[in-house]
Amino acid sequence: MISNLINRKIFALIKVQYSNMMEYRVEIALWAISGIIPFFMLNIWTNNNLNESINISEIMLSRYFLCAFFVRQFSVVWVVFSFEEDSLMGKISPYLIQPLNPFFRYFAQHIAEQITRFPFALIIAFFFFLFNPESIWIPNLGILFLSIISTFLSFLIQFLIQSIVACLCFWTEKASSIERLLFIPTLFLSGLLAPVISFPEYVKSWIYLTPFPYLIDFPANLLSGNETNIVRGFSMQILWIILLFPLFKKIWFRGTKKYTAMGS
Amino acid sequence: MNLKKYINIYTKFLHTSLASELEYKTNILIDLATAILSLIGSIFLLSIFFQNNARVGGWEFEQALIIQGIYTILNGITNTWFNPNLTEIVKHIREGTLDFVLLKPIDSQFFISSKKINPSGFLEIILGFGLLIYCIKINQIYLNFYYLFLCLITLICSICILYSLWFFISTTTIWFVKTWNAIEVLRSFLYIGRFPLNSFSFSLRIFFSVFIPIAFITTIPSEVFLGLTQFWKIFLEVAISGIFIFSSRKFWLFALRFYSSASS
């Protein structure tokens, strides 16, 4: 009964947000374009034959970076920035009165944006294959299914981390600078710019304990058919979600107690 | 007389915006940490490229660090001046406050591009110069006045090109209203400036020197710094930055003719 109610709410929210996002198609197309950095990186790798030193063929590397692009497209999170604006403007107050955690609203916003983004990502992939026809491949259904799940888990991890940071808005007005700080290790260690396998040994020894390689490197390796440890990947993703979720609940609970609405 | 007035106004701008930015002290500290981490991250990425290769795109690691230094300086300048001001244009146009800017008896472009300052970019500029000084040592560069003069000229030209690119994109807001994401696209393209132009394939090299002159922004000043460049390249850069500054000015005046203020 209760889960049914939540489901209906979620679907209603997603529908509303989807029509909202459709209004900003050009925006979202541009946003999709701004994610093409992995392709520039691929160009550096292959143009200088750097891939030979890490024993990945050119084709596999290009598939890796294409998948990294896709995983990134569907795991981008910006909840801090929305939440910061809403809390600075005092828009949070009406949301707090409603019998629904406002983060469901942001969650629906992200899902709706991903649905809108999907066709643009496909177009970019089409152009990629036009220039690199030899790297076309069709992953089998099982792998495709697993990598969609792992991309979604990666999205959940990032959503939880950012939501925790967003809750810091209750204490300090500008939490987005903390997010920008956290984005730096995400950018360099997640495998968006270089596959984790190419990292030097002194980094590889500890990096698999952090959440970073499971954000992009693991799902991208899975989808592109590069070698990866599937069991470890999924268990680490789930472990991080289990660790982060209670933390989020706690900080949300404390924060809402601390919250004083603007003008009151 | 006129110049004196503008200098006077600019010191006022500096005063007010520094005062308001220093309200968020912890924010500035976090931004400083972000700048340091970001530099470490990009040097880490470079070291991955060079770990099994002596040269990438004809550049040695020590030489590629110069590009990194110049990129850091330019990024600091962008974060200090361009980013806080030119993203404001979007807000001015959406909320119709551009009217107030246009009514003031000073140049609107001057007002819009110099109103704000974000002190956290200063550290990046200092870090960049520090890295350059270190590069002078490890590359055994011989310093003299003539050489420093050439370096300064190319650096100033790069700043002009960078400013014009930002200003171009922001000006298009007058027609498209929401250009946040166009700025994101520019930012992701500028990211390429961290790497030597020669490390890309031929077609991308053409793209980055003709359409978006990122090549001129970092690679040519770095070549000058190394004492490798030919004179025609410096002349070309001066000419191009002149064209960019001139046309961005003309474009702004042209765009203003299409400005119809909000709610009128």
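Two residues are in contact here if their C-beta atoms, placed from the backbone, lie within 7 Å. By that rule, the contact between the two chains of this predicted model takes 32 residues from chain B and 28 residues from chain A. On the side of chain B that touches chain A, the elements giving two or more residues are α2 (25-50) and α9 (180-190) of chain B. The largest share of that side is from α2(B), with 13 residues. Sorted by class, the side of chain B that touches chain A holds 16 nonpolar, 13 polar and three charged residues.

**Chain B as a whole**

Chain B has 12 helices and two strands. Read from the N terminus, its elements follow the order α-α-β-β-α-α-α-α-α-α-α-α-α-α. Along the principal axes, the C-alpha atoms of chain B fill a box of roughly 60 × 40 × 40 Å. Of the 264 residues in chain B, 37% are buried. Among contacts in chain B with a separation of 6 or more, 80% join residues 24 or more positions apart.

**Helices of chain B**

Helix α12 of chain B covers residues 231-256, 26 residues in total. From its first C-alpha to its last, α12 of chain B reaches 38 Å, close to the 38 Å expected at 1.5 Å a residue. Which residues of α12(B) are buried? They are B:E237, B:S241, B:F244, B:S248 and B:W252. An α-helix has 3.6 residues a turn, so residues three or four places apart point the same way.

From α7(B), the contact is made by B:L150, B:C151, B:T154, B:L155, B:S158, B:I161 and B:L162. From α11(B) come B:F216, B:I217, B:I220, B:P221, B:V224 and B:F225. By class, the contact of α7(B) with α11(B) has 11 nonpolar, two polar and no charged residues.

**Two single residues**

B:K115 lies in the loop between α5 and α6 (121-138) of chain B. Is B:K115 buried or partly exposed? B:K115 is partly exposed, because 17 other C-beta atoms lie within 10 Å of its own, and a residue needs 20 or more to be buried. Leaving aside neighbours within four places in sequence, B:K115 is in contact with B:F13, B:S17, B:N85 and B:E88.

A:L42 belongs to helix α3 (residues 37-47) of chain A. A:L42 counts as buried because it has 24 C-beta neighbours inside 10 Å. Not counting residues up to four places away in sequence, A:L42 touches A:L61, A:S62 and A:F65.

The table gives a C-alpha separation for each of these residues.

| Pair | Separation in sequence | C-alpha to C-alpha |
|---|---|---|
| B:K115 and B:F49 | 66 residues | 40 Å |
| A:L42 and A:L193 | 151 residues | 8.4 Å |

Conventions
Residues numbered from 1 in each chain as written. Chains lettered and ligands numbered in written order. Predicted model: local features only at pLDDT ≥ 70, side-chain atom pairs only at ≥ 80, totals over all residues. Helix = DSSP H or I, 4+ residues; strand = E, 2+ residues; numbered from the N terminus. Buried ≥ 20, exposed ≤ 12 C-beta atoms within 10 Å, placed from the backbone. Nonpolar A, V, L, I, M, F, W, Y, C, P; charged D, E, K, R; others polar. Expected span 1.5 Å × (residues − 1).
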